[in-house]
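The entries follow in the order I looked things up.

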Amino acid sequence: MFSYRHAFHAGNHADVLKHLVLLAVLRHLTQKDTALTVFDTHAGAGLYRLDGDYAQTSAEAAEGFLKLVASPLPQPLAPALQDYLEMVAGFNTAGSHKIYPGSPFIIARQLRDRDKLKLFELHPTDSKTLSANIAQLEAGRQIAMLREDGFEGLKKFLPPPSRRALVLCDPSYELKSDYGRVADMVADSLQRFATGCYAVWYPIIPRPEAHDLPKKLKTLANKAGKSWLGATLTIKSSKLQKDDAGDVVRPGLPASGMFIINPPHTLKAALALALPQLVPLLKQDTHAAFTLESGG
Ligand code: SAM
């Protein structure tokens, strides 16, 4: 456990999808006056350098965020995509793309004084980095950082006193058991707090557990009588490929999805404009595609 470090992946195509959806959800949830509590069950380090050693080792941002900002953008740009690009730009000096914000900072920037944020991060190094990064915000008790298991730790906070909450669940899926734990956490949370908004990121890879997770989440939402939305983004084929020397190479993560229970009613329309623009911008082969479905 704990070989996963998000710094290797920051700004990749999965982060683009996840953070674009996260921001669109937050924009809607912070329109109502009532206080909001946001939970990030797998927070990561909070801020990443795209020119740092980690990012350069994998260069995943080059297939994600950096590819977007290097491309001629369609006009008019979908508002959710424009909002996402402006949000990341807000962490950088004009024209530079050195800093990429993780979910804790994306959320923190959207909080009003009455809102709260609770961050869970188990990795010894990343939790220290996250604490140091969050300390710079001088947010006091508004932002709490817990070095605990996010799946378990969430339970004691539901339902939150504000009775309005967003839960982002973004595990590394380093352990096969994470898939089952996500579904168990969502099932338990819906019983404790049925009106919360639950947003789960998952990888789309040839593994039965990964394939089953969105189906399980859909079943949970339907059984609870709650609305749901699923969005996926594929940038390339998942088939094994050969490199120039003829050796078989793994293609890297080809696709991922976001599954949201109790999504804002504005989300589907926003993504219906943004996803068709993202596909040609990030595509690596003819398998590039998006899906967008909803129910409940
Ligand atoms: N949500 C972050 C973002 O969007 O910027 C990225 C999170 S990364 C995909 C997953 C993180 O979960 C890693 O930093 C890992 O150390 C942490 N982690 C793994 N298992 C955990 C657990 N059971 N509880 C809390 N954090 C965990």
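**Burial and overall fold**

I began with burial: buried residues make up 51% of the 296 residues in the chain. Buried means under 20% relative accessible area, exposed means over 50%, and partly exposed lies in between, with a 1.4 Å probe and protein chains only.

I note that this is a predicted model, in which local features need pLDDT of at least 70 and side-chain atom pairs count only at pLDDT 80 or more, while totals for chains, interfaces and linings use all residues. Residues are numbered from 1 along each chain as its sequence is written, and side-chain values use heavy atoms, with hydrogens and water left out.

I looked up the secondary structure and found 10 helices and 12 strands. These are DSSP runs numbered from the N terminus, helices being H or I of at least four residues and strands E of at least two. The radius of gyration is 18 Å, close to the 19 Å from the globule rule for 296 residues, so the chain is as compact as a globular protein of that length. That radius is taken over C-alpha atoms, and the rule is 2.2 Å times the number of residues to the power 0.38. I also noted the span of the C-alpha trace along its principal axes, about 60 × 45 × 45 Å.

For contacts, I used heavy atoms within 4.5 Å. Among contacts with a separation of 6 or more, 80% come from residues 24 or more positions apart.

**Surface and charge**

The chain exposes about 13500 Å², and carbon and sulfur atoms supply 53% of that area. The areas come from the Shrake-Rupley method with a 1.4 Å probe; for residues, only the protein chains shown count as cover.

I then checked the charges: the mean positions of the 34 positive and 29 negative ones are 6 Å apart. Lys and Arg count as positive and Asp and Glu as negative, with His and the chain ends not counted. Each charge is placed at NZ of Lys, CZ of Arg, CG of Asp or CD of Glu.

**The core**

Which residues touch the most other members of the largest nonpolar core? Of its 89 residues, they are Leu-68, Leu-81, Tyr-84, Leu-166, Leu-213 and Leu-278. Helix 1 (residues 13-29) gives the most to this core, with 11 residues. A nonpolar core here is a set of buried Ala, Val, Leu, Ile, Met, Phe, Trp, Tyr and Cys residues joined through side-chain atoms within 4.5 Å.

I followed Leu-166 further. Leaving out residues up to four places away in sequence, Leu-166 touches Leu-22, Val-25, Leu-26, Leu-29, Leu-36, Thr-37, Val-38, Phe-39, Cys-197 and Ala-199.

Helix 5 (residues 103-110) is mostly covered, with seven of its eight residues buried. I list the buried ones as Ser-103, Pro-104, Phe-105, Ile-106, Ile-107, Ala-108 and Gln-110.

Ser-189 sits in helix 8 (residues 177-192) and counts as buried because its relative accessibility is 1%. Neighbours within four places aside, Ser-189 contacts Leu-154, Leu-158, Ala-194 and Tyr-198.

Asn-222 belongs to helix 9 (residues 208-224) and is partly exposed, at 43% relative accessibility. Beyond four places in sequence, Asn-222 touches Trp-228 and Gly-296. I read a C-alpha separation of 9.6 Å between Asn-222 and Ile-261, which are 39 residues apart along the chain.

**Cis peptide bonds**

I found a cis peptide bond between Gln-75 and Pro-76, with omega about -5 degrees. Pro-76 is in the loop between helix 3 (65-70) and helix 4 (79-89).

Another cis bond joins Leu-158 and Pro-159, with omega about -5 degrees. Pro-159 lies in the loop between helix 7 (150-153) and strand 6 (165-169) and is partly exposed, at 29% relative accessible area. Apart from neighbours within four places, Pro-159 contacts Arg-192 and Phe-193. Pro-159 and Thr-195 are 36 residues apart in sequence and 9.2 Å apart C-alpha to C-alpha.

**Positive phi**

Is Arg-163 buried or exposed? Arg-163 is exposed, at 56% relative accessibility. Arg-163 is in the loop between helix 7 and strand 6 and has a positive phi of about 60 degrees although it is not a glycine.

Glu-138, also not a glycine, has a positive phi near 45 degrees. I place Glu-138 in the loop between helix 6 (124-135) and strand 5 (143-146), where it is exposed at 73% relative accessibility.
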